[in-house]
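Good morning, and thank you for making time for this presentation. I would ask you to keep the sequence and the model in view while I speak.

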Amino acid sequence: MLKLAIEAQLPIVAVQTRDTLNLPEVIQELVKKKAVQLPSNGPYLEKTVYAVVFEPGKPSGLNLSMLYEKMTKAESTLLLVNPPQVTEPMFDAGEVPVPRPLMLKFLNAVVENQKRAEELTRGLGGCTLKEVAELCRLTMARDNSLTVPGLMETRKSSFQGTRGLTQVDTKQTYYDPPAALQKWVHAEKAFFLTGTDHRLIPRGLLFDGLPGTGKTAGAKWVAEQFGVPLYRVDIGGTKNKYVGQSEANMLMNLARIDGDEPAVALIDEVEKVFSTGIHDTSGTTATMMSQLLWWLAEHKSRVLTVMTTNNSKVLPRELYREGRIDEVMWFAGLDTAEAKEFVKAVIGTFPKVKAKLDPVELTIAADTIVKRASLALKDATDQRVSQAALTKSVHEYIKGLGNSLAKG
Ligand SMILES: Nc1ncnc2c1ncn2[C@@H]1O[C@H](COP(=O)(O)OP(=O)(O)OP(=O)(O)O)[C@@H](O)[C@H]1O
Ligand SMILES: [Mg+2]
């Protein structure tokens, strides 16, 4: 918007930024022109971009109507940076975006590797250059290296959450993705991160299945595979007793994620809020639902929505129709043979235990663990077991081996 406003020679343009330090470079990159400090008494040059940065609490002392005329005459633009209010005759250009080439240039100077710089850039949507520099420094001080997962961790710990919005850690010791999800990520990753035709950018997934089958963990895995932040939108948590406030909170949170694109938005357990059986008399839920439906279908940002549910049958069909959700994936848990492989893999994440077991012992251990997990299930007719139940069963088995092994 800022670029357009300057190109259109709008006389007075208001912008907001959290990074005034790098603003001259950002403007230069955006409009290919240097911004000049506004001289206090003129003269005002032609086709020039002037800038005034407001300091909090200090009046600017500018005569805006006089400046409006002068700028119009000179075909120049005056940028007002962080004015306390946007009033007539300012045009509101909103937040200054950081141009991608500038961020790339900065990161390239840090890691000296174009491909890695590009990967890192994707995880930093919505950050200012100042924030990028800080996140890089903090990550390097902690890890002695700069990787996408490390950067995401730092970003998460410095994230200022709001009511109903949190950034979620995507790091997991072990996640074995269902084959369909793995295939989907493989096929869609490039379209999501670099696709230029917005019709081909994936929009969303619905994970349906029994408890403990890896739906929430699946959302973390997707964000981690894409190398972008994961935000959890807690629709129930944005509810407010004041009329209209809940919808406003939810939309604000969605807009915030839009601003941090590319990103993954997780709406966990949607049926808890939007099941067809829930009727609240205030109509808040219905309004929130229609706002969410609107955003899901209309947002143009690179934000992938992952919804999870234990029962898609109770969800209104429009919530996951094509155009909002690309695919519904069923999380079924594992049959006995799959469960044994899964258990072996989980044991493998405990190196000390794994080292103690030869292949025959490992198979016997896996059999025992799967049997115990299946026995714990109430429904004996269903042969499938959840990964959560299996993982717990592995942990109990390892604890049974004694403290020295369990520490590994
Ligand atoms: N595919 C998997 N690979 C590895 N671990 C898994 C997998 N699926 C589930 N788990 C284990 O089970 C735990 C619970 O998984 P998760 O929270 O994703 O389940 P869920 O499907 O979201 O359950 P619910 O419907 O109850 O929310 C995870 O923390 C992890 O330990
Ligand atoms: Mg879950």
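Before the ligand is discussed, one term is needed: a polar contact is a pair of N or O atoms within 3.5 Å. Please bear in mind also that this is a predicted model.

Let me begin with the ligand site. With that cut-off, an oxygen atom of ligand 1 makes a polar contact with the backbone of Thr-213, at 3.2 Å. A polar backbone atom of Gly-214 is 3.1 Å from an oxygen atom of ligand 1. For Ala-217, the corresponding distance from a polar backbone atom to a ligand oxygen is 2.8 Å. Taken on its own, ligand 1 has 640 Å² of accessible area, of which the protein covers 76%.

How many residues surround ligand 1, and which are the closest? There are 17, and the closest are Asp-176, Gly-212, Lys-215, Thr-216 and Ala-217. Sorted by class, this shell comprises seven nonpolar, seven polar and three charged residues.

I turn now to the domains. The chain is divided into four: domain 1 (2-95), domain 2 (100-158), domain 3 (179-331) and domain 4 (336-406). From which domains does the shell around ligand 1 draw at least three residues? Domain 3 and domain 4 each supply at least three. As for the spacing of domains, the centres of domain 2 and domain 4 are separated by 39 Å, taken over C-alpha atoms.

The next topic is the six-stranded sheet. This sheet is open, its pairing is mixed, and its strands follow the order S6-S8-S9-S10-S7-S11. Why is one side of S6 and of strand S11 (327-331) left without a neighbour in the sheet? Both stand at the edges and each has a single partner strand, so one side of each remains without a neighbour there. On average, neighbouring strands of this sheet are turned by 25° against each other, direction ignored.

We may follow individual pairings across this sheet. Strand S6 (residues 165-168) pairs with strand S8 (residues 230-233) in the antiparallel sense, over four bridges. Here Gln-167 is found opposite Tyr-231 in S8. S8 also pairs with strand S9 (residues 263-267), in this case in the parallel sense and over three bridges. Within that pairing, Leu-230 stands opposite Val-264 in S9. Further along, strand S7 (residues 204-209) and strand S10 (residues 303-309) run parallel and are joined by five bridges. Leu-206 has Met-307 in S10 as its bridge partner. When you inspect these strands, recall that in a regular strand the side chains alternate between the two faces of the sheet.

Finally, I come to the five-stranded sheet. This sheet is likewise open, with parallel pairing and the order S2-S3-S4-S1-S5. Which strands pair on one side only? They are the edge strands, strand S2 (35-37) and strand S5 (91-95). Neighbouring strands are turned against each other by 30° on average in this sheet, direction ignored. Strand S3 (residues 49-53) runs parallel to strand S4 (residues 77-81), and five bridges join the two. In this pair, Tyr-50 lies opposite Leu-78 in S4.

That concludes the presentation, and I thank you for your attention.

Terms used:
Residues numbered from 1 in each chain as written. Chains lettered and ligands numbered in written order. Predicted model: local features only at pLDDT ≥ 70, side-chain atom pairs only at ≥ 80, totals over all residues. Heavy atoms only, no water. Near = heavy atom within 4 Å. Polar contact = N/O pair within 3.5 Å; in protein donor to acceptor, adjacent residues only side chain to side chain. Areas by Shrake-Rupley, 256 points an atom, 1.4 Å probe, with all protein chains shown as cover. Nonpolar A, V, L, I, M, F, W, Y, C, P; charged D, E, K, R; others polar. Domains from an automatic or database assignment. Pairing = 2+ DSSP bridges. Axes fitted to C-alpha atoms, helices over the stretch in contact; angles between N-to-C directions.
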